[in-house]
Amino acid sequence: MAVPTIRDVAREADVSVATVSRAINGIETLNPELAQRVLETVDRLGYVPNNVGRSLRRQHTNTWAVIVNGLNAFVSSLVSSIEQAAHQQGTSVYLGITGQDETLERRYVQAAISQRVSGLIVASTTTPDIYTEVDLPIVFADFSYPGTGRGSVTLDNELAGRLAAEHLAEGGYRRVALLGEGLGGRPVDERAAGFRAALASSGLGMLPEHDRRLDLSLASAKAAVLDLLAGPQPPDAIYCVNGPSTQGAYFALASSGASGVGLVGTDNEDWTGMSTPTVTVVSQPVTEIGETAARLLAGRVSGSASEPQQVVLEPSLIVRESTRRP
């Protein structure tokens, strides 16, 4: 989808480019009805007013915007770590939750520009092209979009998948299932790819029906695991590529009464270490991701970092009872 320009807005609203600019800038001498028509067109097209961003950069507030698709335990911890790092340097943070809605995401970007934020941290997006022309410092956290020329902090997601596969292979599991990518985005795609590759390298394969692709929510994961357990060749171990699917798989195993089925999840959430059995997880350094994203953005805002940086952090495997065989 092409990114709408100010000329597109002018053509759709049947006004001049100068009138669009005046409406966006809130020039009071503009006819109110005309201004309203222009702003409705801006909203409908999802236009991000880059020229406004350029003019406001010189007067920005000491505020950052953090944009996420939704909230779960990982994202909540990520946002908290960003906020704490920002507050330590006297910067305020506001949060926009898009629900994977492209129109809403564009509105949050517009709001960030109009409210004179000094920078953006984007913790996930379905539409990275939005950010190619926005004239603000931007850092992606947990995602990387090299084509946008922005800084990023990501996990080595392929390594995360490999750690899970190698651990299960070494533990003697042979019928391994994967709750993999669906609507989750690139990080989970990479974990699933790393898992499949490492499983193949260890001499193990997956039955086609064991390679599940779903929306990675708790409910979808629970339903998928119950379906796997009821099949003719139930798995003896399961790997989940994100936190909600880990929780859903755990609930399914517990409610089914299945025993001896190994479980490797993602994210070291509090419940994983307090459940019975405790859950083996591939842990993301969520606090470090947030703090690093904040540091990179602060450098771009202040001008001390002249070029965007791409930082890749390593996951770690925490072995617990869910993969310890009797």
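Is Asp142 to be counted as buried or exposed, and at what relative accessibility? In the predicted model, Asp142 has a relative accessibility of 8% and therefore counts as buried, the cut-off for this class being under 20%. The residue belongs to the loop that connects β4 (138–141) with β5 (151–155). Its backbone is marked by a positive phi, near 80°, although Asp142 is not a glycine. Most residues other than glycine have a negative phi, and most peptide bonds are trans.

A positive phi also occurs at Leu216, another residue other than glycine, with a value near 65°. Leu216 is situated in the loop between β7 (211–213) and α9 (218–230). With a relative accessibility of 3%, Leu216 is likewise assigned to the buried class.

A cis peptide bond is found between Thr276 and Pro277, where omega is about 0°. Pro277 is part of the loop leading from β9 to β10. These two strands pair in the parallel sense through three bridges, β9 comprising residues 262–266. Within this pairing, Val264 has Thr280 of β10 as its bridge partner.

Strand β10 is also joined by three bridges to β12 (residues 316–318), here in the antiparallel sense. In that pairing Val282 stands opposite Leu317 of β12. In a regular strand the side chains alternate between the two faces of the sheet. For β10 (residues 280–283), Thr280 and Val282 lie on one side and Val281 and Ser283 on the other.

Conventions. Residues numbered from 1 in each chain as written. Predicted model: local features only at pLDDT ≥ 70, side-chain atom pairs only at ≥ 80, totals over all residues. Heavy atoms only, no water. Buried < 20%, exposed > 50% of the residue type's maximum accessible area, 1.4 Å probe, protein only. Helix = DSSP H or I, 4+ residues; strand = E, 2+ residues; numbered from the N terminus. Pairing = 2+ DSSP bridges.
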